[in-house]
Each structure stands twice: as structure tokens, then as C-alpha cells.
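Colleague: I would like to learn how to read an interface, an annotated span and a ligand site. Could we take them in turn?

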Amino acid sequence: MSGITLHDIRKAYPGGPEVLHGVSLDIRAGEFVVVVGPSGCGKSTLLRLIAGLERCDRGEIVIGGRRANDLAPQNRDIAMIFQNYALYPHMTVRQNIAFGLELRGMPKAERNARAEAVARTLQLEAYLDRKPGALSGGQRQRVAMGRAMARNASTFLMDEPLSNLDNALRVAMRTEIKELHRALGATIVYVTHDQTEALSLADRIAVLKDGHLLQFGTPAEIYDTPADMFVAGFLGTPAMNFLPLDRLSPSPVPPGRTIGLRPEAIRVHADEPSGLALPAKVLLSEMNGAELILHCETDAGRVTAIAPRHEFSFHPARVWLGCDMSRAHVFDSRTGLRLEHAAMEV
Amino acid sequence: MSGITLHDIRKAYPGGPEVLHGVSLDIRAGEFVVVVGPSGCGKSTLLRLIAGLERCDRGEIVIGGRRANDLAPQNRDIAMIFQNYALYPHMTVRQNIAFGLELRGMPKAERNARAEAVARTLQLEAYLDRKPGALSGGQRQRVAMGRAMARNASTFLMDEPLSNLDNALRVAMRTEIKELHRALGATIVYVTHDQTEALSLADRIAVLKDGHLLQFGTPAEIYDTPADMFVAGFLGTPAMNFLPLDRLSPSPVPPGRTIGLRPEAIRVHADEPSGLALPAKVLLSEMNGAELILHCETDAGRVTAIAPRHEFSFHPARVWLGCDMSRAHVFDSRTGLRLEHAAMEV
Amino acid sequence: MLRKLTPYLFVAPLIAFIAVFTYVPIVSSLNLSFREWDFLTPNMPFVGLDNYRELLSKRDFWASLHVTAGFAAISVPLRLALALLIASYLTRETLVSRLLRGALFLPYVTSTVSIAVVFSWVFSTDYGMANAALRFFGVAKVSWLQDPTLALWVLIFVNTWKQLGYDVVIYIAGLQAIPQELYDAAAVDGGRPGHVFRRVTMPLVMPTTYFLLVISVIEAFQVFTIVNVMTRGGPAGATDLLVNQLYRIGFVLFDIGQGSALAVILFVLLVALALIKSRILGKRVHYEA
Amino acid sequence: AVTVKFWHSFNKEGGEALDKIIASFEAANPDVDVEAEFVGNYNDIVAKLQAAIPANRAPDAVILEVTRYGLFADRGVLTDLTPYFDADPLKDDLYGYAREIGVYKGKNYIVPFNSSTPVLYYNKDIFARAGYTAEPPLKTFDDILAVSRTITDKLGADGITGIAAPGQFARWGLVMGNDSELIDSKTNDILLDTPNTIDAYKWMSSLVYEHKVASADGVTEEDNGRDAFLAGKVGIMLNSTGNYGGSKKALGDNLVVKPMPCNKVCSVPIGGAGIGILASSPKDVQDAAYKFISYAASPEANATWFAATGYLPINKKSAALPVAAEALKSQPGIDVAIEQLPFAHGRARPPVVTWMRTTEYKMWEAMALGQRGVEETMKDFAAQTRAEAARQ
Amino acid sequence: MKPDNPILAAAALVAGLLFLSPVLYSIFMSFQTADAYYRGGLDFTLDNYGRAIGQYHFARYLMNSLIVSGCVTVIALTVSTMAAFAFARFRFPGGDLLFAATVATLMIPSHISLIPNYLTLAKAGLLDTYAGLILPAISNGFAAFFLRQYIRGIPRALDEAAYMDGATPLQVLWRVIVPLSRPAIFSMGLYVFLTEWNNYIWPLVAIGKDDLYTLQIGLARLYRVNPGEGLVDWPLVMAASTITIIPVLFGFLLVERHLVRGITMGAVK
Ligand SMILES: Nc1ncnc2c1ncn2[C@@H]1O[C@H](COP(=O)(O)OP(=O)(O)OP(=O)(O)O)[C@@H](O)[C@H]1O
Ligand SMILES: Nc1ncnc2c1ncn2[C@@H]1O[C@H](COP(=O)(O)OP(=O)(O)OP(=O)(O)O)[C@@H](O)[C@H]1O
Ligand SMILES: [Mg+2]
Ligand SMILES: [Mg+2]
């Protein structure tokens, strides 16, 4: 168990533009850190740098207090779980789990014993002699986990380990990963582009965009006080609504402000309520179980709102949207940065 | 615009087992019907039977009041949108849209004019001379739509048209499809295995499983009064919780009953509330924006519940789950069928 | 350090073979083509472009080029057209189509010498199968391989018979790669089979066609075995394909200089053909799916 | 013991006879081991020998056709045998024509082994079926054409043709019979485009292309003509006397041998081959090899060879030996070639002959199959040959 | 596989037999005596095979072909797999150039190297040896090109997982890539073997000794240097031809699908 410190990491692939532009991150030992961001923002690159599969151009990587820039992957005491698990399809589960030990020269009896012990913890004993092709997605995921665990590594890197599973299994596996983390106490760096996964798994979330680290904090911090409009829009579904402040407020306001309102901060009324409310035309009302998701057109722009279905037994055509401005975020329209404490001014 | 009636359709592929076991459906003219069901349940087969790409073994297909069993596909006045859009990669957007007309022998000038008109409606004019390879996923989807529209068919069949798009685009395209339906007024039969899509798009939903039609009704009917446990569990996220009635109730109850409780019918309390409530151990609490999703273990089994995050600023370890039995569904444990009006008895 | 060397160590053996037996020979062919040598003398005097000049002034060379071009011009389109036609009937995965594919493919793996020998018999004048068939229909016997107007056609036939299976197999793969949905879409839109074949199938197997075209033209310019066994370039030079001439000049007449000059010309010709074709056709065949 | 690697061109009857000769040589010389290998016909041997030089895999001794060894002598591939030959009593036993064969630019490079002239063979049975009760005249080109026509007309339906397309040796003979040459034997001038040569080729090609009395099969593959004659499918064959043995075996009493036609003059080429020794072989092997080739030309060996194949006797003492005498008595026609000797002539053998003979096949095909005019072809051929001669 | 219409099946069968009839008949002919063949009778005999194998050394030729093709296959696959691995997985200066040079061998007619290779091997004293037949045949980039394409299809993550587990590049190649490429290597092996088995022009110039003739050369010579009395002894020639075809025929029947897959994979990609 060891912490990882990245200091001003820069990276360009040979012949390509820079992909990471100075990322610094301080991951504490035993922490579960999730790296999120849109596709191509450099998440995998970051992970591969930590693993030692790529070398960084600038900056420093410190693992467990030791400078690791020049360490070969196998000397970093790191185990990695790949997107498709990268199980060796020609080896049995037992061989897969023991392969790393075999390469390190552990005698056969010993490494098999270890593989079996790991398999027991993961409830994989029954499948030890199967090949990965004969396992379900969830079982494969556990084998990948087992392979990493057998090595007794202090740090686990996971690159979108759930992206290939169907929805139900993904939910189940989330639970297992979280439990495993609790049991092993290892440091985990977990990459995903799925915001739901990030929110539900992380101790802390690092939001990456175009090779820049935008924010690094607990899920609640990220959700409640997003650093900028990108972070605010990236996490949470349906996404936060952004409206220009001057269109919203009847009184003169400072220009260049954008208000961010999450759908749950908007209440849908059939008739005009008291307080700040926008008249809206419903473009589409999507039935979503107990709720209706209303896509509306207002004078201030498009707004998505959620209404309990039992309040609207029909699909409404015109509604009033009551905005809870105490839960609104204020951003600088130009830089996108959040303006602290600006919300109340409205 | 014409209705479609399927009467006791049966179908087996040559040399294979029966895939559809007598499906009857009555689709009204202009209706938007979504067919949902798990993978392999026969959705595509049903669609291909309607299109005339496969012939049914038994039963009757009536399109626009005419028996269509023996009609060739091109004589059914149907347009189809395929899962991967089936755009011709070697033709430009214009040629793709016009190809159906070309096959029907329309003169070149006329069909191109028509293709351009359609492209205008779909805002594809700028891409008329591009090939599909140079279009984004959403644009391709619109071309596929355009190809179907150019034909002026009265019925549109769509086989998972959104399954290849990413999440954001999928939401956007849903809106477009729905608007298109409103604009064209055509009958649409739409296949998907995504329950969110089904709920949000459909006038009526047909739930298929293993070649049997389980239920056919409006989204609200399906959600509020599912015909059986499968339908109840298939639609809605997080999924409905199923608990054995006898474990739930202290008083003697008829055996062989299962209670279905959607997460929104369960309230999470930190302390024991009044009314029916189960003590529960929280296995995992997932932060999901404004809500926490709690995966709990109770004496009656696993239960998923939703709690507003602001009520639980910490991740709770033990909670009480208050069950709103007025919103509970009762099922026969053996057959899985819903027992009407049985809920109140508890 | 070692890490940097690794890939070089891995490619070294193959590259060594290729260098010694493919690239060095190109250079030495070029060198030899400027020299006069018959294997017998200890020295090989430099004669400049004499060998090229002489070769290009020879009737034989142009006749051979003509025959080779004719061979390619007839056999390549014939092969491709036949193969596409047959392949369209054999794309379905049925037992019969599997068997037929096997039958068609068999000649491709069979030794060319055996095929040449067997067809030498088939087209032999007095006992051959071809003339037996003609006799059955009451037609007089034909000297297939002795008649300069027929011999090339016989070779084209034999070559096609041998290679057809390969073309068919490749076409089948190409056809099967066309998504069934495209045909379904055309069916729903109301296409007649001929029209769909012309507007959908043909353009979409274009990459396959292109591939086969390149392969088979290159191959046509290198046909040797059947010529060597069946006709030796005869009768009267009617089947004197380029490689046969190369063999004759090099290993029968031992005019090493001219033989090398011919090799160099063949090389330039094939490279040029490949480049021209990719120029002309390249534009029309590449789609992103 | 010394091993002598020896390449030759005899299979079938010739091969058996050669094996016998080698066996008796080895019996007499236990310290020499002759390792004989059949390589193919004269063309094949030339090609293989030439290819073997840069690879250092030439044999020690090799049979070379009498017009084609000049190339190898000229390039120093063959050892000058003059010292051996001068010291060998054999020298005086050889017929003059046979001695001349081995001389290139005044030196001896090969010792004759098998000599031949072309002769005319015909199938008595076929002649009879065609209606000839007595032997028709077979002296001029016209005579032969007439007979061939009759046979083809009468028996064509049975798949029988009048004459086999003449092979290259016979073609050369027919040119000489027309009072011309391909290359002047004294001056080495190229005579391919002289009128008499062209006329001879015109007549020969007309047999195939114009009159269709000879099958085209024999044009593309010389042996096909012979094989067809042996199979009783052809009336007349012009071919080396070395085919006598095989033909006799195949046709028995139906075989008749006549001299070559004398269209303008009576003149035939002396063909066949002699054995040379490679300059690259070690001296002791060369010595052993010479012992063998000297033996191969000895009366005993030559008599055996003559009797088995019909090749000419080259040793004056051979005919007297019992084997030869018996053959002359029991095998009618075997002496026709011998009788032709007075008007048999040696041919030129400058290096270009090898190239010319290899190329002649294609030219002949083109003419005989009617692909090119004879006149034009022969002029082109002559020009090319002159250019090639100049290069060498 | 779908069932067939029986009439169609029969017609197809007939068409297939007709297509193959020359070869089938040649096999049939090889069991006839020459006499019976020329007179049009039927007379079953194995004598042709006896003569081909004994008198005409086809047993020896068969062995030569097996040795040469076998060695070529093993060596070519070894060096090609190694190179393919490097081309697929490493970026190194000059790598693209070397790969282009490898692929270009597909476009370069082998005949241009005929004379120089003859001279090279003559100088090395390797003519008339197995090595002389084997070595030049390795100089073909197709297997490397094909295997590289295949290896690129194997997720790179598997290599990386192995590296993280502590493997060396050679271990990755041998323990991960090779087992996973087995189908491709197998297909390629068949292809290389067949190509070499049917090779003609190179043995034709490189081998002058009967001992080392391959089947192809032996058959061509048997047919050309006609051993029969009078006309070609077709039944004998056909027996020799059948000996040349049979091993391939059986191999083909056993592994048709692999072969076809190998060939099409190479082409379609
Ligand atoms: N091996 C490589 N060579 C060159 N460029 C690369 C390489 N790998 C990635 N890139 C580029 O680096 C950038 C970041 O890639 P990276 O794989 O880290 O993104 P990511 O955030 O993991 O995306 P995703 O969510 O799609 O996996 C991208 O623009 C990508 O094109
Ligand atoms: N052409 C075919 N031949 C034989 N069986 C088929 C064929 N097409 C489908 N099937 C089988 O019929 C059943 C129903 O297939 P269908 O494609 O209709 O399912 P689906 O509901 O569309 O599934 P998915 O959501 O995966 O597309 C499956 O068991 C499938 O294996
Ligand atoms: Mg990634
Ligand atoms: Mg489907």
C-alpha cells in the first residue's frame, strides 16, 4: 500500500501533439481515486504512465515515496486491470492467475497454491480449470482481479474495467469492486468515462479534460461545487441546465454570467407559482418510470426538468418552471469558471 | 398511413426451433409502437416478418386492411431503418436517399429533387455529396431516416436504430425521432432492448420474451400495472425489488406470493419509523448526484432504495426501509403473474 | 539499451534473408545487365546499354511482350468475371456450395506441373480428352498445342482452370463481407436482382476486384510452369511468355547480360503496372464502412 | 581408384549399349570408376554444362555434339587432348572423317564416340497399304513429296501421315542435299540466307504447312515425329542412323533404310558426338578419363556400339569384329549410312553454332507452322546469327 | 449449414465432377496398363506406381519434396513470426522502412533474382544441396505481413499485462503471441508448405542431380524425357502425377477450411 504522487506530468506520443499538459495529482495510500473525462482526454495515458507502460516527457512520478520515472513496469509493484481484462485466452483461470508468479520464478506448487487461495477469496474455485472464453463477463472481471491480487501488489490500476458489461452486471460489479477495495485496502486508480460510475465508486474524483486536470475532490464536492461549467455539465444526469443570467433576471445584473441549475433544482408547475418561474413550452416529455423528463423551450433557452409522473397524468404542453435559485451555480460565461457565493445575489 | 394486425404469428428459421410462438398484435394507424425484450427474444424476427424479409410459418399479417402474408417486401408500402442504418457506403447521401426511388424507376431529376427536399427537412443539405463514411453517427442516422422518408411509406420499421450511438447522442436522437413521428403521422414499429427508450418513445409498448408477447399497453400501464414479474423487473431503473410476502408480514399470509416494490415506493429512515419498515444493513451506498442509491441487505432479501443525498450527508451503515404497501405489486411466486387488487390485503 | 535493440533482433533473420535473396539480387541483376557474359569466361566486360539495345531491337522480345499482354488481357477479365458470377451463387453456407467451393479450389493447391502434365494429355492430338469430346460431337480432331492460334488459348484455359478457385474463394469472402442488411434494405425498397447486383454488389466488391486484378495481372506476367511443361513457348513463339523468354535467354542460351536486362525490364514493368493501377483505380475503391 | 564423372545423352538402346561398354572398361581397368549419368539430349547437355561452369559442378568427361563443342573449346572449358591423342595408337585406327570431327582450330578437343549421318527410313507396310507394290523413287524433294502425299491421301483417315517433319539434323542434311550449307565449313561464313538454303527450308516447311503431309506434332517436339514413325503412324522418316537400332526393334522387317535424297547434289552432314575432358578436372582424373574415351573408340567398344545402335563405325578395325559382321549380315539397312560416307561432310563448329542451333528450333517452328514467311525468317535468322557471331 | 434442394445438389455434384474430370480421369488412367489405355480396354494394374517409385525414383523425389517444403515451412514461420511480432508491436527507427521492404517482396517478381541467386549459391557451393533449395524460399515477406496483420488484431493489452507481470519480449512472443496466433500460423504454414511444394522454376535451375529432384522436377522430366517406347507412356506419367498430387490432396481435404481462411484473411485485409 503506497501513495502515488504525480508532479507536473507532460506527455506527447511520438510524432503527436502533447496529450497531457502538466498534470499533478496526489493520491493517498489506500485511496480509491476515479479519473473521469470525455473520450480522448488522456485518462488511459495517465494510467499507462503510472504503470510504466509509457514514459513521461516531463514531470515526476513518485510511487511509495520513490521516484519511479525510470522503473520498468514490473518493478513498480503495481497491478493493472485492463479494459477487456486482457486475460490470456489460451490459459486456464489457474494459469492466468499464476502467470505473473511464474514469470517471477515462483515454483509451480507454490504459485498454484497461491492462485487457488486467491480464487477462493473471489469465489472462482469452481472455474479454475476453465479458459476465459467459457466464463461470463462478471467472472472474467473477477479473474482479472485475481490476477492482480495474486501479485500482492500495493496499487491497482483499472482502465474502464466495466465498460464492456451490460447494465445490470455493471451495477453488480461496482458493488464487488467497492467491497474488494474495502477488503484489500490497496490504492486504486480507476479510469472511466461514465459519470455514474465515478460518483458511486470514488473516494475522490479527478476530472480530466483535454489533458488538463480540472478538479480533484470528493464526489460531493464535485457535484455540489463544480469548479467550472464543464465539470458541472459532465457529472449528473440529466445534465445541469445552463441559462444566461441576464435573460433570467428582470433586474439589471452583471453581464457575462451563466446560471447553472440542476434539474432537481427546478420544480414543474402547471400554473404560475410564486417566486422565480419561467413559462415553458414542452418539446418532449419522456416517461421514465415514476418521473417525467420534460425537455422545454423557455425564453432563456432549453431547459430539462423532472416532474413526478403522478402530478401530470397527461403529457403537458405548457408548464411553469420554478427555479430554486438557492441551489443555482453561477459561472463566468467566458472562462466557464465557477463564481463562489455569487448565487445569492440574484 | 395504415394499421398493422398480426394474428397468431409463428415462425421458425429453417432447421431451427420455433422463435415466435403465436404473437398477436393490433397496431393502429399512426401509432408509435415499441417492441422491447431481452436479446434473442425475437424482436428483429417480428420486424422482418412485417417487412416481408422473412415469411411466417403460421398466422396472418394484415397491413392496411389487406392480407400481406404473400406480398413481396417492396409491395407492402413499408420503409425500414436498420440497426447499422445499412447505408450504401459507395453512394453519396443524395444517392442513398434517392436509391429507393431509383429502384422504383423514378427519373433521375425527379428523384434528386425529392432527395433534396427530404434532406432539407432533416437539415442534411450540407452533406448531400458526402459519402456515409464521412458523416457522424447522428448524421448517418438522419440519412437512414431520410432514405425511409423519401419513399413516402405509410409505415416505418426501425430495428434498434440508436443502439450504436453514444449516450448523449442517443438522447438527442430520441427527441428527433419523436418529432418526426409527430410531423409525418406515420405508423412506426420500433424495436429496442433499452427500457428507457421504450418508456420515453412509445405510444404503446409490446414486451416480448422468448417469443411470447407478455404485455401490450401504454408506458404508464406497463409501468404501473405490469402483467408479470418479468415485465415489472424489465422496465424501470433501479429495478423493482421482489420480496417474499411471508417474510415481510408478521401476520400469516397466503403462501406463494411475492411482493414487488419499486425503489421509489421505499423511504429510507435513519431511525425506525412508524408503519411497515424493515431494518437493513447498507452494503453499498452509491452517490448518484442528488440521490444516494442504497444497496441493502434485509431479513427479507436484498433491497435497493433511493434516498435524497441531503438527508444523509454521510454514508449510512444501518437504515430502516419504510415500505409504502399501497404502491406494492403482488405476484404469484410460481407463475410470476400479477395478482390484481391483492396488494391491499397485507 | 537492450530494450532499444529488441525489435531489430526480432526482424534481423527475416531481413537478412530478404536482403540476400531479394534486394541484393536486384542490384546484381542491374549490374549484370550492363555486362556481357555466358558463364564460361572468367571476366565479364562492361558493355553499357548494349544488352538493352539489342533486346529491344529483337522481334522475339516484342512478340513475347505482346503474347504476355494478350495472355493477361484475356485471362484476367475472364477469371474475374467467371469468379464473380460463380461466387455469387456460392455465397450461401450450404453443403452443396461447400462441396463446389472445395472442388473449385482443389486445382489451386494442386501442383502446377501435375496440372500441366494432365492437360498436356487432355489436349494431346491423338489420345486427348478434348479431341475425344470433339469426336463425340462429330468434329474433326484439333492440334491444340501445335496450332499457334490455339495454344495460347489452351494455356489461358488451363491457367484459368487452376486459378479460378482462388478467385472464387476471395470473392466469396468479399461478398460475405457485404452486410446482409444492405440487401434487406434494397429488398424493402423494391430492387430487381439485376439492378441490385449492378448498383450494390458490384461497387461493394470493388476492393476485392481491385485486389484480384492486381494479383492476377502480376501473376499473368509471371506464368512459367505451364508454359515450360506444356509448350516451351511454342509453337512458333505463340506462348512465349516473358518469364519463359527470361528462362530461355538466361538458362538455355546463357546470355546472362540480356537475361538480366530482361529481368530488370520485367521488374520495372511490374512495379509500373502496380503503381499505375493504384493511381487509376485507387480513387474509386476505398470506402470507409 | 579414380572416379570419372561422365555425362552422356543416351538412354534406351544406346544407354544399354553404353552401360555394357563402361562395364567392360571397368573390368579391364579396376582402378578407374566411371560414374555415368544420362543428362538428356545434346541440347540439354550443352545447357547443363554451361550452367555448371560457374557452379563448379561440371563432370570430368562429357559427350558433346560435333558442332557444339567449339564454344567450350574456345572458352577454355575443354582440355586440349592433342598430347594424349598424338601418343595414342588409336589415332591411326580411326577413319579420317572421324578424326576430323575432334579438331577445333588445329587442336584435338574431343575423341569421336558415336558418328552418324541422316538416312531415310520408311515403313514398308504403310507403303504397301498406300498402293506401292514396288519401291517408288525417293531421290528428289519432289519424289518424296509425291509419296508423302499419296500416303496421306490414302491413309489419312486411319491417322497415318506421309512423312515425319524432319528434325534439325535431317534439316541440315536436306540443306546440304540442296547444294548449300548453314555455315560454310571452311570460312565459317553464315549461309542461312543463301537461295539454296532458303529453298530447302521452303520445301521442308511446305510439308507441314502447305501440303500437310507431315504432322505439326513433330515440329514442336522433334521426338514426336520419331515416336509416331516407330508407332507405325508415319510412312517416311528422315533421321540419324543412330535411330536404326530402335526403329528395327519397333518395326522389324517393315523397316527399310535408304540414303538421304540428293535433290541437287548428294551430300550429308556427319553428326554424332565425341567425348571431351574438362580442363577443371585434376590431372589424374583427366588421365583416367582419357583412358576411358580411348577405350570407347576402340574396335571392341565401337563394334558393340555400332551393332546396337546403327551409329557409324569410327574405327577401321570394328567392322571386322564378329559382333559387327553379324550385325551387318542380319540387320539389313544398317550399312546405308556407311555407304553414304563418301559424300558425307564435316560441319563448321565456331562458338556461334551452339547459339544458332538453339535458335533454329524457334525459327523452324515459325516457318513450318506458317507463322512467318521462310524468306523473311531466314534473312532475319542470318542477320541475328551474324550479330551473335560478331559478339563472340 | 442449411439443407439443400436434392435436385440442385445433384446438379452441383455433377458440375463439380465435370470440373475435376481431367484430374479424376488421370488418376483412373494411372491404374491402367499402357496397352489397355492405347487400345481402349480396361486392365487394372499397380505396375505404373511400381515403376514410378522404383525405376523412376519417385519415392526419392517425394522425400526430397517433403524435406524441402518442411524445412522451408519451419524456418520461414520462425523468422516471419519473430519479424511480424516486432512489426506489429514495436515502433523503432527504420521499422516502417523495413516493413515496407518486407511487404514489397510481394510485388517483386522472384524471377529477377533467378540469375543472381544462382550465382550466389554457386559461389557458396550450395547448388545441388537441400540448403540451396531451402534458403532462397525463406526470402518472402508474405508470411510476415500476414502474421503482423493477425498479431495487430490481438489486443495489445495482453502484451502489456504480460510485461506488467514481468515478462521479457521473447516471453511475450513465445508465451502469449504465438499460442494466440496459432490458427494464423497454422494457415500460413499450410500456405508456405504448398507454395514450396509446388515450386518449379527455382529447383529447375538450382538442382542438377537426380538425387535431389523434387517431385515437380521429377514429373516434368518424366513427361518431357519420354521413357516409353514410341508414344508417351501416359499411364506411367499419370501415376507419377498422382503421386505428386496425392499428399496435397489429402492435406487439402483435412485442412481446407484453414487454408481457405488463411488465404482469404490475407486478401481481404
Ligand atoms: N499510442 C498512441 N500513439 C499516438 N497517440 C495516442 C496513442 N494513444 C493515445 N493517443 C492519443 O492521445 C490522446 C489521449 O488518449 P487516451 O487513450 O489517453 O484517451 P482516453 O481518455 O483514455 O480516451 P478513451 O476514453 O476513449 O479511452 C488521444 O488524442 C489519442 O488519440
Ligand atoms: N437467420 C437466422 N437463422 C436462424 N436462426 C435465427 C436467425 N436469425 C435469428 N435467429 C434466432 O432466432 C432467435 C430470435 O432472434 P432475433 O434476431 O429475432 O432476436 P432479437 O430479439 O432481435 O435479439 P437482439 O436484441 O439480440 O437483436 C434467436 O434465438 C436467434 O438465434
Ligand atoms: Mg482509454
Ligand atoms: Mg435484433
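**Reading the contacts**

Modeller: Between chain D and chain C there are 7 residue pairs in polar contact, both residues at pLDDT 80 or more. A polar contact is a pair of N or O atoms within 3.5 Å; within protein, one must be able to donate a hydrogen and the other to accept it, and residues adjacent in sequence count only if both atoms are side-chain atoms. This is a predicted model, in which local features need pLDDT of at least 70, side-chain atom pairs count only at pLDDT 80 or more, and totals for chains, interfaces and linings use all residues. Side-chain values use heavy atoms, with hydrogens and water left out, residues are numbered from 1 along each chain as its sequence is written, and chains are lettered from A and ligands numbered from 1 in the order in which they are written.

Colleague: How many salt bridges does the rule find across the interface of chain D and chain C?

Modeller: A salt bridge is a side-chain nitrogen of Lys or Arg within 4 Å of a carboxyl oxygen of Asp or Glu. The rule finds 7 across this interface. One of them joins Arg391(D) to Glu36(C), at 3.6 Å from N to O.

Colleague: Which helices of chain D supply at least two residues each to the side that touches chain C?

Modeller: Helices here are DSSP runs (H or I, at least four residues), numbered from the N terminus. Those of chain D are α2 (42-55), α3 (70-74), α11 (217-220), α18 (352-368) and α19 (374-391). The largest share, 6 residues, comes from α18(D).

Colleague: What is the area buried between chain D and chain C?

Modeller: Buried area is the accessible area (1.4 Å probe) that two parts lose on being put together, summed over both. Here the value is about 2300 Å², and carbon and sulfur atoms give 56% of it. Gln50(D), Lys362(D) and Arg391(D) supply 29% of the area that chain D buries against chain C, more than any other three residues.

Colleague: What do residues 102-123 of chain C look like?

Modeller: That span is 86% helix and 0% strand, with its end C-alpha atoms 25 Å apart. Residues 249-276 of chain C are also 86% helix and 0% strand, and their end C-alpha atoms lie 28 Å apart.

Colleague: Which side chains have an N or O atom at a listed distance from an oxygen atom of ligand 1?

Modeller: Ser39(A) has one at 2.5 Å, Ser44(A) at 2.6 Å and Glu160(A) at 3.3 Å.
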